[in-house]
Amino acid sequence: MIKVNMNYSNLKDSYLFFRIAQKTKEYLKNNPEKKLLRLGIGDVSLPLCGAVIKALHEAVDDQASKETFHGYMPECGAPFLRDTISEYYNNRGVGIESDEVFVSSGASDELGDILDIFDRSSSALVIEPSYPAYVDANIMAGRNIVHLNSDKSNGFLPLPDKNLKADLIYICSPNNPTGAVYNKEQLKSWVDFANGNGAIILFDAAYEAFIEDEELPHSIFEIEGARTCAIEICSLSKTAGFTGTRLGYTVIPKDLKRNEMSLNSMWVRNRTTKTNGVSYIIQKGAAAVFGSEGRKQIKQNIKFYKDNAEIITKALDEMGIWYTGGKNAPYIWMKCPDKYGSWEFFDLLLNNAQIVATPGEGFGKCGEGYIRFSTFGSREDTLKASEKLKELLKEIK
Ligand code: PLP
């Protein structure tokens, strides 16, 4: 009889969003007249910008005539999009060549698929609290996971020490769920650690477009030495509202080698075997994100979410509450008032203020005692929620 991948039996139930949905459903059943203020969502709420819509329409029209029709696209990405993304890096002073860029259907896909090129005996270091996919993808592959906890004392930005041992290192900056962002010096210590130990950093830059402070790095490749130890995985999901349209990109420098193998060449081989590329239409829409109109328009959308962040952080500042994120990230990670655990505070927010947030404990044990607010909701919900949050915090003081 065939044997299935028994590593799947080691996965814990991903009960976080299921439990949130259950609790909110029950609340609405008992309180049908109430309206919920949804600050839990990880999806965007604004539509694609005009420049992208125009490019998508034009690409659809291209598919209607023999002269402009496109069939299979190159597996690693259309040259026009690889060039555009390489230029995006080069314009920021980061030298990335077109054939170091791989177009994907999104960061989630790549975060899982990329594990194919690493031996199963290699260990994976996950900084917690973390985006849940890092842990689960490695459990599915039967990999040993090293959990590195972060907390308030290091601003949820832990650094490596000499006792740490790991082959793959996940770094997400700006971070989901904490919104914390590593500075260049801090990232340099991770790069030095990886180069010193032959490890590889998988740098998740899904939220790079939310960085406002000029001195903060958008890419791991802004750090000296990263070309020999890092892979960057990025996405247009939050940058440009592509959550439902689907497009991401991965950067693998040609200098990145282990066991005398080029990881860039390995990934070319992987992609040319396991995908037939991303659709022409979507790649055309994605290229428009990087054009001058597209850049202006996505900035306006990001500003809308940033203004939501400011509304929430202002309320927390007024109440003297500790948090990370908001300024350079679309998430705010708030320390719950002292006597409350994550789920208790979630219940209090739901029952007393009709706010839906995400309990920090769902992102790893060290998220206990914290709650995550997303800034992707509507302005109306965000304004109402920040007022109600202040009232609630005053009441329980
Ligand atoms: N990485 C992080 C940290 C995320 O928060 C998300 C989505 O929420 C992703 C990756 C997935 O992005 P994509 O929509 O491109 O699959």
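The second largest pocket comes out at about 570 Å³. Of the 23 residues lining it, those closest to its centre are Tyr-88, Ala-209, Arg-295, Ile-298 and Lys-299. A pocket here is an open set of points on a 1 Å grid over the protein atoms alone, where a 1.4 Å probe fits, with protein on both sides within 12 Å along at least five of seven lines; lining residues have an atom within 4 Å of a point. Volume is the space filled by probe spheres set on the points, which are joined across faces, edges and corners. The model is a predicted one, with local features needing pLDDT of at least 70 and side-chain atom pairs counting only at pLDDT 80 or more, while totals for chains, interfaces and linings use all residues. Residues are numbered from 1 along each chain as its sequence is written, and side-chain values use heavy atoms, leaving out hydrogens and water.

Helices H3 (79-91) and H10 (292-318) are the elements that each give two or more residues to the lining of the second largest pocket, and H10 gives the most, with seven. Helices (H or I, at least four residues) and strands (E, at least two) are DSSP runs, numbered from the N terminus. By class, this lining has ten nonpolar, four polar and nine charged residues. Nonpolar covers Ala, Val, Leu, Ile, Met, Phe, Trp, Tyr, Cys and Pro, charged covers Asp, Glu, Lys and Arg, and the others, Gly among them, are polar.

Then there is the largest pocket, at about 670 Å³. It is lined by 21 residues, with Lys-12, Val-135, Gly-362, Phe-363 and Gly-364 closest to the centre. H5 (133-140) is among the elements supplying at least two lining residues, and H5 has the largest share, three residues.

On to the salt bridges, of which there are 22, counted when a side-chain nitrogen of Lys or Arg is within 4 Å of a carboxyl oxygen of Asp or Glu. Lys-23 and Asp-347 pair up at 2.9 Å, N to O, linking helix H1 to helix H11 (residues 342-353) across 324 residues. Lys-35 and Asp-381 do likewise at 3.0 Å, and here the partners sit 346 residues apart, with Asp-381 in helix H12 (residues 379-396). Asp-381 counts as buried because its relative accessibility is 9%, whereas Asp-347, at 25%, is partly exposed; buried means under 20% relative accessible area, exposed over 50%, and partly exposed in between (1.4 Å probe, protein chains only).
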